[in-house]
Amino acid sequence: MGSKAVAARWAAFARDTNETKIQLAINLDGGELPPDTDPKLLEITEGHASQSSSSQRIAVNTGIGFLDHMLHALAKHAGWSMALNCQGDLHIDDHHTAEDCCIALGTAFAKALGTPAGLARFGYAYAPLDEALSRAVVDLSNRPYCVTDLGLKREWLGKLSTEMIPHCLESFALAARVTMHVDCIRGSNDHHRAESAFKALAVAIKMATSRVAGKEGEVPSTKGTLST
């Protein structure tokens, strides 16, 4: 008797405004990108935030190098395959591009995840990067909320303003409809503090979205639902 096929957890998404034009595709379990992925995304094969292996395909191009680096780390350590391209109004500043990319990512994540039945629901992780140590706790709650305390002191990390980093995390959480608490516990280097936070978040998300054997179809809630 064959086992029941597991539905793919993937989504392709486009967000087009006067401020940004974003194409995005994601597979929460790695592997191939969805069949309706924008062909332009498949053309992004080179860059500092691109890599391909037998288990993952990642290509990120937001126009902001440090944001690319953080989203690359998030996808890599969460186990996603992800392609994201953004053309934004960077002649104004970094705000719209950074915010909209994270809104788009959260929206695609929620679409790919669907109803979180049979999943762990909660995830938590610590991630170090040299002297920096961060902690992330995630709940696939359908109750969007985000608390961050990264203690960043510099004004900029590359061409990403540090004020946008917690805002990016919040934008993702609200669009993804998850509860997130992300804290950097210690560290003297702001690059390390931010990167360890994104890596901790990635591992926590991977735990929360993992399937629990024997719980297939069960909603992980005493209410019997995670809908509002």
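Reader: Among contacts in the chain between residues at least 6 apart in sequence, what percentage join residues at least 24 apart?

Author: The model is predicted, so local features need pLDDT of at least 70 and side-chain atom pairs count only at pLDDT 80 or more, while totals for chains, interfaces and linings use all residues. Residues are numbered from 1 along each chain as its sequence is written, and side-chain values use heavy atoms, with hydrogens and water left out. A contact means heavy atoms within 4.5 Å. For pairs at least 6 apart in sequence, the share joining residues at least 24 apart is 72%.

Reader: What radius of gyration does the chain have?

Author: The radius is taken over C-alpha atoms, and the globule rule is 2.2 Å times the number of residues to the power 0.38. For 228 residues, a compact globule would have a radius near 17 Å, which agrees with the value for the chain, 17 Å.

Reader: Is His96 buried or exposed?

Author: His96 lies in helix α3, residues 95-113. Buried means under 20% relative accessible area, exposed over 50%, and partly exposed in between, with a 1.4 Å probe and protein chains only. His96 has a relative accessible area of 18%, and therefore counts as buried.

Reader: With which side chain does the side chain of His96 make a polar contact?

Author: A polar contact is a pair of N or O atoms within 3.5 Å; within protein, one must be able to donate a hydrogen and the other to accept it, and residues adjacent in sequence count only if both atoms are side-chain atoms. Leaving aside neighbours within four places in sequence, His96 is in contact with Glu19, Thr20 and Asp89. The polar contact, at 2.8 Å, is with the side chain of Asp89.

Reader: Which side chain is joined to that of Thr20 by a polar contact of 2.6 Å?

Author: Thr20 is found in strand β2, residues 20-27, and is buried at 1% relative accessibility. Not counting residues up to four places away in sequence, Thr20 touches several residues, including His96, Thr97 and Asp100. The side chain at 2.6 Å is that of Asp100.

Conventions
Helix = DSSP H or I, 4+ residues; strand = E, 2+ residues; numbered from the N terminus.
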